[in-house]
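Here is a short report on one protein chain. Take a look at the fold before reading on.

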Amino acid sequence: MTFAMTGRQVDMRFSGKIMLSFRTSRAALATAAAAVCLFGATAAPAQAAANPHPIDWKIDSTHFGPDGEDLPLRIGQQDAGPKDGFGKRHILEGHGDQISSWSNMKADIDKTLDQGKCTEKSGKTTCVLQSRTFRNVHANGMKTAFTERVDSRSKDHRPVGIITAFYYNCGC
């Protein structure tokens, strides 16, 4: 909502359309300004709900990023509908049907972190690798995402680490 005044003419606009327009006195301007504040306060979107599942901060395995970053693969958090979890629980729940064995998956994560093309955006790094030499012989590509953000809830002062890893171009 916007509030525009030219001389004594007041326009209140919402999404570019004039919702209220009037000529007024100073007292009425104060009332209009208060109305703008009230409407503005109620128009804010509600904050998104967090994933309700508990987080297990234990570390399943440790991996190293393309620049030697410490990347624990935590047990993590399972998905809750559209709210993604992270770590091993998320990988197994969302992509478990692609995994030939957990040891093969961890080896392919290492290969993707070591040889993949990695890009960082908003605190999350994603590494992508096209290869015909994954341990999962049906896979031709893998994507792994991680963050170096430290979450004090883990109590170990290590990064959250690997968020997800999955195969693509896969006859899995």
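## A hairpin and its turn

Strands E6 and E7 make a hairpin, with two residues between them. In that turn, Ser122 has a positive phi of about 55 degrees. The model is predicted. Ser122 is not a glycine, yet its phi is positive. The residue sits in the loop between E6 and E7. Is Ser122 buried or exposed? Its relative accessibility is 73%, so Ser122 counts as exposed.

E6 covers residues 117–121. E7 covers residues 124–130. The two strands run antiparallel and share five bridges. How many of the five residues of E6 are buried? The number is zero, so E6 lies largely in the open.

## The disulfide

How many disulfides does a search of the whole structure find? The search finds one. Cys118 is joined to Cys127, with an S to S distance of 2.1 Å. The torsion about the S-S bond is about 110 degrees, so this disulfide is right-handed.

Cys118 has 27% relative accessibility, so Cys118 counts as partly exposed. Cys127 has 0%, so Cys127 counts as buried. The cut-off for buried is under 20% relative accessible area.

Strands of a sheet pair through backbone hydrogen bonds, either parallel or antiparallel. Here, an open sheet of four strands has the order E6-E7-E8-E9, and the pairing is antiparallel. E6 and E9 are the edge strands, each pairing on one side only. On average, neighbouring strands of this sheet are turned by 15 degrees against each other, direction ignored.

E8 and E9 are joined in the antiparallel sense by nine bridges. Within this pair, Met142 stands opposite Tyr167 of E9. E9 also holds Asn169. Asn169 is not a glycine, but its phi is positive, at about 50 degrees. With 46% relative accessibility, Asn169 counts as partly exposed.

E4 and E5 run antiparallel and are joined by six bridges. In this pair, His63 stands opposite Leu71 of E5. The two strands form a hairpin with five residues between them. There, Gly68 takes a positive phi near 80 degrees.

The C-alpha atoms of Arg158 and Leu71 are separated by 8.2 Å, while the residues are 87 apart along the chain. Where is Arg158? Arg158 lies in the loop between E8 and E9. Its relative accessibility is 22%, so Arg158 counts as partly exposed. Which residues is Arg158 in contact with, leaving aside neighbours within four places in sequence? The partners are Ile59, Thr62, Asp70, Pro72, Arg74, Val150 and Asp151.

## Helix H3 and its cover

Helix H3 has 14 residues, 102–115. At 1.5 Å a residue, H3 should span 20 Å. Its end C-alpha atoms are 20 Å apart, which agrees.

Which residues of H3 are buried? They are Trp102, Asn104, Met105, Asp108, Ile109, Lys111, Thr112 and Leu113. Their cover includes helix H2, at 87–95. Strands contribute too: E4 (56–64), E5 (70–76), E7, E8 (139–150) and E9 (159–170) are included in the cover. E4 and E5 are the strands of the hairpin that holds Gly68. E7, E8 and E9 belong to the open sheet of four strands.

## The chain as a whole

The chain has three helices and nine strands. Along the sequence, the pattern is β-β-β-α-β-β-α-α-β-β-β-β. Of the 172 residues in the chain, 37% are buried.

Among contacts with a separation of 6 or more, 46% come from residues 24 or more positions apart. The chain exposes about 10300 Å². Carbon and sulfur atoms supply 54% of that area.

How values were computed
Residues numbered from 1 in each chain as written. Predicted model: local features only at pLDDT ≥ 70, side-chain atom pairs only at ≥ 80, totals over all residues. Heavy atoms only, no water. Buried < 20%, exposed > 50% of the residue type's maximum accessible area, 1.4 Å probe, protein only. Contact = heavy atoms within 4.5 Å. Areas by Shrake-Rupley, 256 points an atom, 1.4 Å probe, with all protein chains shown as cover. Pairing = 2+ DSSP bridges. Expected span 1.5 Å × (residues − 1). Disulfide = S-S within 2.5 Å. Axes fitted to C-alpha atoms, helices over the stretch in contact; angles between N-to-C directions.
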